[in-house]
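Hi,

Here is the structure I promised to pass on. Have a look at it first, and then read my notes below.

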Number of protein chains: 2
Amino acid sequence: MLCGMQAHDGPLTRLRKSHEQSVLDLLRKHGPLSRAELGTHSGLSRTTLYDIVAGLVEGGAVVASTPPAEVRRRGRPVEKLSLNPDAGEAIGIDFARRAVHVSAVNVAHEMIGSASEAHAADLPWAQRADIAERLLGTLGGSGQAGPARNGPAEGPRPGTLRLGSLSAIGVGVVGPITDPGGAEARALSIDGLPGLLRERFGVPVLLDNNTRLAALAEAVWGAASDGGDVLYLRLSHGVGGGLVVGGSLHRGMYGMSGEFGHITVDPQGAPCECGGTGCLETVASLDAVLHRYRSAGGRAEDIAAFLSAAAAGDRIAHAVLEQVGTDIGMVLAAVSNAVGPGVIVIGGELAQAGAALIEPVERALRTHVMPMVRNQVRVRRATLGDAGSALGGIALVLHESPLLSRYPQPVTEELAWTQ
Amino acid sequence: MLCGMQAHDGPLTRLRKSHEQSVLDLLRKHGPLSRAELGTHSGLSRTTLYDIVAGLVEGGAVVASTPPAEVRRRGRPVEKLSLNPDAGEAIGIDFARRAVHVSAVNVAHEMIGSASEAHAADLPWAQRADIAERLLGTLGGSGQAGPARNGPAEGPRPGTLRLGSLSAIGVGVVGPITDPGGAEARALSIDGLPGLLRERFGVPVLLDNNTRLAALAEAVWGAASDGGDVLYLRLSHGVGGGLVVGGSLHRGMYGMSGEFGHITVDPQGAPCECGGTGCLETVASLDAVLHRYRSAGGRAEDIAAFLSAAAAGDRIAHAVLEQVGTDIGMVLAAVSNAVGPGVIVIGGELAQAGAALIEPVERALRTHVMPMVRNQVRVRRATLGDAGSALGGIALVLHESPLLSRYPQPVTEELAWTQ
């Protein structure tokens, strides 16, 4: 054998999930259907279908209801099955440094809601998880969120998020960060977090860097939602980013991708916290920009003051942004030549400088990118704010859960399949 | 709706393909099965299963046979279904500049064989397709390859490649190349090729750059077959490459990814054919290396002579390789920081210089890559030769056909799914 199927689940589990997906797909497309209609459309045997539907109803993803008496023509009323609009299909949680952000979508992929709460930077994980659970309980109405299997089976209560049909939770955290020393130096290790969340919600937990999740959210619902692969660059206290490739967030072999801040822009440059020399972060982080501005004679207490000066037309500030933007554009060109993104999204505080930064970025990009794509790659500012990473967590679940791993179809297939 | 399923096929076609996949999977795992056993394992209704099996038998992917009389216990013999070892599941064709290479695997994913034939550079596509078809006919034995549906149904003939159950053909071509002018200047446009092949073989055609397909093949069966994302760099007359991300070949938004040869290494460097300045290709192509060698006083008629000199310990040659390797390592570090590959594979003629090139590449790479992965990223020489791109065509089909799009499971899922 050259190669064989590799799967984490056994064939029966995969088959069951495939059948569940078929049934959910049919209910999404056709609306309420009887068991007989589901049988006809799905091609599943009566026994298999009964079993699959029972599991979906028990999990809360699907609800059974009988049409009102006056609609019945004759004989026994036929029960119809439909998606439960209050069933949480996927939840996103962003554990930022000093706040928890949550978002949820239902089984029809409609947004149920988002919520946030600030907290102290040193709050332990268990209490952060408490906040997340409480915030989720507020979504969709007044009810308490909780595993549906814990209590007696009830009909759907409008406005109450039911977690029993959750397929997974997507979670953003600060880190894995740019170097192992830094990771170990963090006040809070994330080691216990996945187990804690898995125990609390009873479903798989997908964990990723929250900057990377913000990249995914920009690709799915933000500045790059019109499709295509995305290069997301975040210019903040650190310089990082993320890549969305073929409709999926790209993690890299060691969870270390999107480290645009540590691409060398000057081999003779300043030492970087990562241990390297002349990394982009040494010239484009907020501190580096402030330092360069002050060294050139500018006066600003913080980055807000610098941005105000730039907005007021301060020539030193513009010169600094011109230099920084050129270095950024060079790095973006190198990455673009390697990866070929459709859209480049720039977020983080420095992006608020607007055209004074974006224009030199675009000039340098277009000078160094392959001529064939010079006028095709688009550069845009990020549009999602604080909720970005929690939304990214949901997008991660929708893309990676076994139920939805092929959603949406990667753009690459459209390009490749010749009709 | 935030988002919905997007699919190229209708739901019924997708469902049918999913059922076909289930049946083929079961036969791969269990060996020969009766219809009743298939029904039990698959959960499909008798009617659906009969229909699916009939299609697979008609297409030649599955064969029905009755065990010998002495094995029968009682009553009517039970027909068993099994995969047809002579059924081509996927074919790869590399239309190189002056040769056609073909390879094929059967429905059990076993290699049926490979074959090559040289031709003149200006041979029209129709005649190149003739060569490909003839070469395919020689695979697996003496029989003629051809669509199984064209003739009366026959049992499998051992040693004859049957194309009736082909899911797709993966095809490598020279291009899309590095600039549009160059593409238009090619003697042969590829415009008519996909239609020609589709008409001849009656299945979808997946077309890609053959360097990129070589990258995929190295990832699946070559130097990087131990898994993980791959950065493949080809150092030849041009400098190009490919990225394998999450188990799939990455194309980029405009089919322009893996253009490592056009990443700037010296903004004040030599003009490049692409229109840029100081691209890696201006220092690392075979011509550039020869030019630098001669400028430094070295004497070599061609790259073979240069490689011989280097192998014999020529100091000028080693100094040139040291400089070139350093530039290559810088570019590989930048791309690694962005993409996070597990393995870097270096192919093309210049890779034959061995350690004299690879060592400076590795030094520069480790100096400029993120410290966290400094000792994890592996650099290797390519191991597949001329057949690489045709094998890559097969890998493309196995990864991208609807039947096998989830094979193998991306490594990223292993990292992400918390148990």
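Predicted model: local features only at pLDDT ≥ 70, side-chain atom pairs only at ≥ 80, totals over all residues.

In chain A, have a look at helix α9 (residues 286-295) and helix α11 (residues 315-339), which pack at an angle of about 135° with their axes 9 Å apart. Since angles over 145 would count as roughly antiparallel and 65 to 115 as roughly perpendicular, that makes α9(A) oblique to α11(A). The crossing of α9(A) past α11(A) is right-handed.

Which residues make the contact between α9(A) and α11(A)? From α9(A) there are V289(A), R292(A) and Y293(A), and they meet I316(A), A317(A), V320(A), Q323(A) and V324(A) of α11(A). Sorted by class, this contact has six nonpolar residues, one polar and one charged.

**The salt bridges**

Over all chains, the structure holds 24 salt bridges. I'll go through three of them.

Start with R16(A) and D51(A), whose side chains meet at 2.9 Å, N to O. R16(A) sits in helix α1 (residues 11-30) of chain A and D51(A) in helix α3 (residues 46-59) of chain A, so this pair ties together parts that are 35 residues apart in sequence. Both ends are partly exposed: the relative accessible area is 30% for R16(A) and 40% for D51(A).

Next, E117(A) and R134(A) form a salt bridge at 2.8 Å, N to O. Here a strand and a helix are tied together, because E117(A) lies in β6 (residues 111-118) of chain A and R134(A) in α4 (residues 125-138) of chain A, 17 residues apart in sequence. E117(A) is partly exposed, with a relative accessible area of 27%, and R134(A) is partly exposed as well, at 46%.

Over in chain B, the side chains of R380(B) and D226(B) meet in a salt bridge at 3.0 Å, N to O. This one links distant parts of the chain, 154 residues apart: R380(B) is in strand β13 (residues 378-381) of chain B, while D226(B) is in the loop between α7 (210-220) and β9 (230-235) of chain B. R380(B) is partly exposed, with a relative accessible area of 23%, and D226(B) is also partly exposed, at 48%.

Finally, back to R16(A) and D51(A): salt bridges with shared partners join these two and E20(A) into one network.

Cheers

Definitions and conventions. Residues numbered from 1 in each chain as written. Chains lettered and ligands numbered in written order. Heavy atoms only, no water. Axes fitted to C-alpha atoms, helices over the stretch in contact; angles between N-to-C directions. Helix = DSSP H or I, 4+ residues; strand = E, 2+ residues; numbered from the N terminus. Parallel < 35°, antiparallel > 145°, perpendicular 65-115°, else oblique. Left-handed = near helix turned anticlockwise from the far one by under 90°. Contact = heavy atoms within 4.5 Å. Nonpolar A, V, L, I, M, F, W, Y, C, P; charged D, E, K, R; others polar. Salt bridge = Lys/Arg side-chain N within 4 Å of Asp/Glu carboxyl O. Buried < 20%, exposed > 50% of the residue type's maximum accessible area, 1.4 Å probe, protein only.
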